[in-house]
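User: I would like to learn how to read a few features of a protein model, taking them one at a time. Could you walk me through them with the structure at hand?

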Amino acid sequence: MATAAEPDDAVLFAGVSLVLGAACRHLFRGTRVPYTIALLVLGVALGSLEYGTKDGLGKLGAGMRIWANINPDLLLAAFLPALLFESAFSMEAHQIKKCMAQMLLLAGPGVLMSTFLLGTALKLTSPYDWNWETSLLLGGLLSATDPVAVVAVLKELGTSKKLSTIIEGESLMNDGVSVVVYQLFLQMVLGRSFNTGSILMFLSEVSLGAVALGLAFAIISLLWLGFTFNDTILEMTLTLAVSYIAFYTVQDALKYSGILTVTALGMFYAAFAKTTFKGDNRRSLHDFWEIVAYIANTIIFILSGVIIADGVLRHNVHFERHGTSWGFLLLLYFYVQMARAAVVGALYLLLRYFGYGLDFKEAIIIVWSGLRGAVSLSLALSVKFVFFTGGIVFLTLILNGSTTQFLLHALGMDNLSVTKLRMSNYARHEILNKTLEAFGDLKDDEELGPADWVTVKKYITGLSNLEDEHAHPHDDNHDHIHTMNLRDGRVRLLNGVQASYWAMLDEGRITQATANILMRSVDEAMDLVSSRPLCDWNSLQSNVYFPSYYRFLSASMLPQSFITYFTVQRLESGCYICAAFLRAHRIARRQLQDFLGDSEIAKIVIDESNAGGEEARKFLEEVRCTFPQLLCVLKTRQVTYAVLTHLSENVQNLWKTGLLEEKEMAHLDDAWQTDLKKLKRSPQLVKMPRVSDLLGAHPLVSMLPAAVRAPLLSNTKENVKGHGAALYMEGLRATGIWIVSIGAVKWRSQRLSSRHSLHPIFSHGSTLGLYEVLTGKSCLCDMITDSLVRCFFIEAEKIDQLRQSDPSVEAFLWQESAAVIAKLLIPRVFERMTMQETRLLVSTGSAMNLYTKGEDIILEHNYIGILLEGTLKAENQNNIVPPGVLLPSSMDLELLGLQSSEMNHMDSCSAANSYQVEAQAARVIIFEVGRLFTEANGQRNQPGGSFSAEALQLSMEESTGEEQVIITVDSTNKLPLGDSSSGVTRGS
């Protein structure tokens, strides 16, 4: 006779279940018996003793009955949220992304196909005269492959990551879909009618609405977690609470699928939240959820066995039918397996096409691993299908679950590859050797004396044959083995890179967002190691360089402050990514070489790693040249975080060694934690130079008199251009000038050949487009940004007004334009000089002359001229139009880096004894090439002997009622070329 139940008997059952679970885990650890199946059998045994015997199990039996009679909805709400969240959260985001299409196929069309196949079979062969609604209801109920059962078995068997992800993800999703289908047919059984449109509306609303709500709960909780810092208890509590609240809100309040909601919540956390938890917090959270899942699994599997026994033994109606129910149960098990096989077979071609693909052996495992469990059983309690559902749960777990490992072995899917076996043996040998070296000093202890190393070797497996020669894993040179070794080497280096990223996240070297990007790049590169060299950098390029839409952003009407903020944030992210990429690969290369030595495979993989870092190094170098303050701020943040973390660790170590009491430790550590929290929430910001400071430092602006400078500054437009943006294009009308403050610009031209230029670059301090504005000509070349460029645009009308304001200002503008034209026309000469040096030479070491119509210009030996304005005529030559290089016929072309054969192909370069002015006036600037090289190279070779920007001084003096531009040179090596009579003869 059953003992009267008391409420606290339920606690006794829970406690006994955990003890029995611990005993099973202890006894069956290391055996081929899955832990969960042992629990189910144990639950059936307990239920049989309680329901099948006269006396029962006393107080334990009373508690068991309380649990067995639990409301099905309460059973789902108590256990499923934690189990579903833990399962989804433990999955890898990249695997979810790659296998999503396969999971959706099996969970969507697969569940519907299975429901109708099983429903049809039940309707046609059932001895109970069920109608279509009832048959389809049971078919939908049995179509749910239970994630609790499937995940528990897969984790114990250690199947491949791809296969585990497909089966686990499908079980999580199709459980939710099956519940939706079950709810639909339950409504039909209860008398509600549906047409096709209402069925589709119901399915989409319940399922898609549940997923959307799961994502909403995930985003809100993640925002909350973003405001926490090193609070493990809060993180555990919040993740546990949000899974239960989301399930209850959706399942009970909104009548959607709570299972799909918690699955979406867990997958979103897997994709975006893992990097939120750092260091010890991440390990603690992982342990916490493992414990929660273990406790829930233990109770729910034992309880499932009890419910199955209850369904079979409490009512003897099934025995009164002379075995009909038992026979139909076996037939139903056959139907379930056949329906599963039909679904996988029908979708096989699509499953092969999407994601990582699927071979025939994996398809067999997917068919056989369609276990049913607590979800189906809980739903069956509501509609009194406990016997058949419990029987299917028992049979799939006992038959399928216990034989899956044997099936994996029979198909050869649990064997290590030859490459992994060789690597495993090599690693074992290396580890043992290094361990013995590390512990060699323990042979003789100061207090206890020497150890008996003969006995030590007996207890350590593998030490007995340590002296035997062991083969290097890369000694086999067969093509197939070489390919496998190369793939394996890439995988191991990428694993090392990813481990370094995690370490850098814990050290505060990278942010959470950067860590997510870096982790994703490694995952994507892992998919391609068999067919391509290391390519994790390829995935990072789009996050380092500016996106294509940035050009439209720059040209929009948005405030420049917003564009600048976006630019700085993008640069910060790019610098974090590049620095972390280079550091992680450097660490991984060193580890791989230490482990494998100088093998051919190791060298190939290391070379691929080095090649991938070239662009990252180039990007950081560009930022170092253009925005050095940005790198300084990022390094300052890293050092601040590292110092504070080190201080906190030191305080903890002093407490562990007993030198500090707990209160003292807590007081000191709170101060460091407060500083760390402040650093996280209010990090040092990158302060960009003010517009006025940038413009004031530019030579064009700084040398103008104050009277004309102020109006000009008020009409400048600030621009921030990404790499590859065009300032202006060859042949188009010049609409203004560009003042480059930060960055580099590259020129290219069809007319002005750049093949003689080694570095066709204009750096910061350049004034581009000024010559075209002064002459009214179309643009001479394309000007394309070669890095991130911060520049200023001044409209052509403003330059014309500035030009007309004073003759001396106009002369200065012509000199400024000549500095750029000289670099365009004679790159091999002037690219050796910086823009400041070229500007200084044009201002002080050259002669700017104006000629009238009919005058002859005769250049002496080793002097060259640049025609800026007007038209010239030379003997046996066409008219010479600006801009053009004028050379004497006796010129030594090697000084210009040219050969005589190249002159015929350069329409911008002319050589003649004399030139005659054809237009009303001509403007020519004259240089002495020989002394130019002598003085410039001499300046560079002397300590501190380069041209300095401070050597230029511009002052406007009152003289005879008008202002004059006076340029002086503060240099002991002044080039005496300023006289207009040097190197040139005027004639008429």
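Predicted model: local features only at pLDDT ≥ 70, side-chain atom pairs only at ≥ 80, totals over all residues.

User: How many residues line the second largest pocket, and which lie nearest its centre?

Analyst: The lining comprises 32 residues, and those nearest the centre are Lys278, Ile510, Thr511, Gln512 and Lys680. The space in this second largest pocket is about 970 Å³, and its lining divides by class into 12 nonpolar, 13 polar and 7 charged residues.

User: What describes the packing of two helices?

Analyst: In general, two packed helices are described by the angle between their axes and by the distance between those axes. Here, helix α15 (residues 324-346) packs with helix α17 (residues 360-368) at an angle of about 145°, the axes being 9 Å apart, and the crossing of α15 and α17 is right-handed. On the α15 side the contact is made by Tyr333, Gln337, Arg340, Ala341 and Val344, and on the α17 side by Ala363, Ile366, Val367 and Trp368; these residues divide into 7 nonpolar, 1 polar and 1 charged.

User: In what order do the strands of the open sheet lie?

Analyst: The 5 strands follow the order β11-β18-β13-β15-β16, with mixed pairing. Because β11 (847-852) and β16 (909-912) each have a single partner strand, one side of each is left without a neighbour in the sheet. Strand β15 (residues 884-888) runs parallel to β16 and is joined to it by 4 bridges, with proline 888 standing opposite alanine 912 in β16.

Methods. Residues numbered from 1 in each chain as written. Heavy atoms only, no water. Pairing = 2+ DSSP bridges. Helix = DSSP H or I, 4+ residues; strand = E, 2+ residues; numbered from the N terminus. Axes fitted to C-alpha atoms, helices over the stretch in contact; angles between N-to-C directions. Left-handed = near helix turned anticlockwise from the far one by under 90°. Contact = heavy atoms within 4.5 Å. Nonpolar A, V, L, I, M, F, W, Y, C, P; charged D, E, K, R; others polar. 1 Å grid on protein atoms, 1.4 Å probe; cavity = no way out; pocket = protein on both sides within 12 Å on 5 of 7 lines; lining within 4 Å. Points joined across faces, edges and corners; volume = space filled by probe spheres on them.
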